[in-house]
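Trainee: Please take me through a close look at a single part of this model. I would like to see how that part is built, and then how it sits beside the rest.

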Number of protein chains: 2
Amino acid sequence: MNTHQKSHSVPVKGGRFLLIGGASLVGSTTADLLLAQGAAEVALFDNFSFGSTDNIRHLEGDKRVRIVQGDILRLPQLLAATENIDGVLHLAAVMTISMDRDSWGGLDINIRGVQNVIEACRANRVKKLVFASSNAVYGYGPGVAGDLVESTPFHSAGAPPAAIIYGASKIIGEQLCRDAHRKDGLNYVVVRYSTVYGERQHYRAANALYIIETHDRIKKGERPRVIGDGSETKHFVYVGDLARANARAFEADATDAAVNVSGPAPVTTLELVKLVIELSGSKLTPEHVEPEAGKVRLTSGGAFRIDHAAAEKAIGWKPEIDMREGIRRLLKWRDETLAAETAKGDKK
Amino acid sequence: MNTHQKSHSVPVKGGRFLLIGGASLVGSTTADLLLAQGAAEVALFDNFSFGSTDNIRHLEGDKRVRIVQGDILRLPQLLAATENIDGVLHLAAVMTISMDRDSWGGLDINIRGVQNVIEACRANRVKKLVFASSNAVYGYGPGVAGDLVESTPFHSAGAPPAAIIYGASKIIGEQLCRDAHRKDGLNYVVVRYSTVYGERQHYRAANALYIIETHDRIKKGERPRVIGDGSETKHFVYVGDLARANARAFEADATDAAVNVSGPAPVTTLELVKLVIELSGSKLTPEHVEPEAGKVRLTSGGAFRIDHAAAEKAIGWKPEIDMREGIRRLLKWRDETLAAETAKGDKK
C-alpha cells in the first residue's frame, strides 16, 4: 500500500451499503449501526430461509432502508441489488448444523454464493466487499490450542465431516476474494468472526446454543447442563462489537486483509453456564452430562484464545463488551421478547 | 471394524471397475494394472478436456475395456456409467494451474463433481469408492515441514489463492466421502497422492513439470534451470506404484480411511534436476534462476517428507520404485514417443 496513495476507505456516513444475509442477527445489528452512523442507504438482501422479518421489523419505517428478497444463487438478483452500492457485507452462509443436514445446499451457498457476490461486486464496481468468515478456518479438535492468529493452520483430525466442510468452504470463500483482488482489483476485508452472541440470538450456531439452552432450562426450573467437565474453551464476540468491526472494515484503509474478531477473552463452558445462571438470578447448579450421541458437536482440545491484535492494527477495532455485560443484554432481550409474546398470546 | 465380519474388499480379479478421469496418466496406468490382474471390466469415463486418447489407445483392443465420453457435472451420465460397477476410482479433478485460470470451473469439478460421483455410487450400490486426494490437503508454505502424516493440518499462509482453493476443495471432497459413509454406509478409501510422475507424463501438475521441463531443455542443448538454490523439497510417487495403491485400496478390507501414497523418499529440486541431467547422459550443469513473476508456484518451507506408513497398515502398500528408476522409465518413454512422432512426421 506504499506504492500508491489511493484510499480503500468506504466512509459509513453518506455511504450506500448492501448487507447480504441482512435479516440475520449480525445483519440487523450492523444495519442499526450503519444507520446510526449516517449511512445514506442500507439495503438488506435475504432469502428469509434463516433470516427473519422479526429481526428487521424495527427498521421498516426508515426511508434509507430497502429490503430485497433474493437468493445469492441467483446472480441476476445480486447484479440488480449491487447497483450504486459502495460497500457490500456478505453474511449469508450455511453453518455446521445445517451443513450436516444438506451439504449440497450448504456448499452451493458458501461457495457458489460467494462467487456470485464477487461477480456482482466486480460488475457494479463496488468499492469494498467485507466478507464474513469464521474462526472455523482454524478448524477443530486437539490441534486447536494456544493463541489462534491469522496464519494458524486448519486442523481437522477427528472433527465431524460437516464442520470440516464448513471450515474449508470459508477458506475457499476467503481465497476467492483474494483471487478477485489480485486479478481484478476488488477491494475486500475478510472478518473472521468468532462465535457471535447477543440480542436476536438464533438457534443455528452450534456454539452459541450453550447460552440460550442454559437460559431455557433455568426458566423451566431444570438444572443447566454442562457437557463433560466443562473445561472446553469457547471464544465469543458480542454482536454489537462485531457490527462495529464490520463498519470499521469498510471505513479503514485496509484491503486484501483477513482479521480475527473476537471478544475480550475466552471462557470455559463451565464458566459460561455459571455466568448465565448467575445473571438469571437462579440458585440452580450445573449438571455435568455426557455428549449426546449423533448430534454434531464442535470440540476444542486444549485451551485456546482467538487473538484480535491484527484487527486493531488493520481496521482499528477492538472489543468493548465482555461476556458478563453481553450475556446480561442477551438475557434481558430474551426475557422481554418472551414477555411480549406471552402478553400477545393473552390478548387473543 | 471389529463389530462385524463383513469384508470391505473389492477383489480386482473378476471385478468391474469404473475409472473416472480414466484417460489420464494415473487412470490409464491403473487400467493397465487392473486388466493385468484379471479385472472383468474396466470402464474409462472421461470428458477428454485433460485426458487424452493417446493415453488409452493401447487399450482399445481389449474387450474388457469400455470408453465412456462423459462429464462428471452431468449426474445422469454418471448414473448410467456406474451401473453394475463394483469399484469406482474417482480421479477427475482440476489442479492448481487450471484452478488459477478458472476457479468457477475448477470448484464445480472438484466439489460438485465429487458430489455427483458419490450420488451415483450410492444409487447403484457401488461396493467401494477410491477417491484420489492429494498431499495438497497439508497445504503450502513454511508451515509444511517435517513428517507429514494423515493428521497434519492444512497450512496456507502465504500460498497463492488457487493452490489454497485446490487444497481446500480436496479436503471437502474427502469429507463428502466420509459423510456418505456415515449416513449411507458408502465404503471408501481416500488415497492422498503425492506428486505423480512416470510414463505418459502431462504438463498439468505444477510440481512434476520440473522433470519434463529439465529434460526438454537438455534436448534443446539449453542449461536446465533450478529455481533459487534448489534446496526446496519435493516428494514424488511413481505412477506404477500409485496404480498399485489404487488397486490395493479396492482389495484391502479398509473403509472410511485416508492414507498418504508417496515414493520411497523426498528429493530437493537440485537433486532432481541433477538426476534428470545424469539420466539424460548430459554434461550440462544446472543454472540457478529467480522465480518467474506471475506464474503460480508451489513452495514448501523447510524440508518435509510425506509419510506412507499408514498406507502400509491400512491397505498393505508401500512404494517400490525410487526416483532414479522412475525417472529412467519416464525419460525412456519420452524419448521413444518423440522418436516415434518424428518418424511419423518424416513419412508424411
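Mentor: We begin with the place where the two chains meet and then follow the elements behind it.

The model is predicted, so local features need pLDDT of at least 70 and side-chain atom pairs count only at pLDDT 80 or more, whereas totals for chains, interfaces and linings use all residues. Residues are numbered from 1 along each chain as its sequence is written, with chains lettered from A and ligands numbered from 1 in the order in which they are written.

On the side of chain B, 26 residues are in contact with 26 residues of chain A, contact being taken as C-beta atoms, placed from the backbone, that lie within 7 Å. Helix 5 (103–123) and helix 6 (161–184) of chain B each supply at least two residues of this side, where helices (H or I, at least four residues) and strands (E, at least two) are DSSP runs numbered from the N terminus. The most comes from helix 6 of chain B, which gives 13 residues. By kind, the side of chain B that touches chain A divides into 14 nonpolar, nine polar and three charged residues; Ala, Val, Leu, Ile, Met, Phe, Trp, Tyr, Cys and Pro count as nonpolar, Asp, Glu, Lys and Arg as charged, and the others, Gly among them, as polar.

Chain B is superposed on chain A by a rotation of 180° with 0.0 Å of shift along its axis, at an RMSD of 0.0 Å. This is the relation of a two-fold axis, the superposition being by least squares on the C-alpha atoms of residues with pLDDT of at least 70 in both copies. Because 100% of the interface residues of chain B are also interface residues in chain A, the copies meet through the same surface.

Leaving out residues up to four places away in sequence, B:Leu19 touches B:Gly27, B:Thr30, B:Ala31, B:Val42, B:Ala43, B:Leu44, B:Phe45, B:Leu89 and B:Leu91.

Burial is also complete in strand 12 (residues 257–261) of chain B, where five of its five residues are buried; buried means 20 or more other C-beta atoms within 10 Å of a residue's own, exposed 12 or fewer, and partly exposed in between, with C-beta atoms placed from the backbone. B:Ala257, B:Val259 and B:Val261 point one way from this strand, while B:Ala258 and B:Asn260 point the other way. Strand 12 pairs in the parallel sense with strand 7 (residues 188–193) of chain B over five bridges, pairing requiring at least two bridges found by DSSP, and B:Val259 is the bridge partner of B:Val191.

B:Arg200, in the loop between strand 8 (195–197) and helix 7 (209–219) of chain B, has a positive phi near 65° and counts as buried because it has 20 C-beta neighbours inside 10 Å. A:Arg125, in the loop between helix 5 (103–123) and strand 5 (128–134) of chain A, has a positive phi of about 45°, but with 13 such neighbours inside 10 Å A:Arg125 counts as partly exposed.

Terms used: Contact = placed C-beta atoms within 7 Å.
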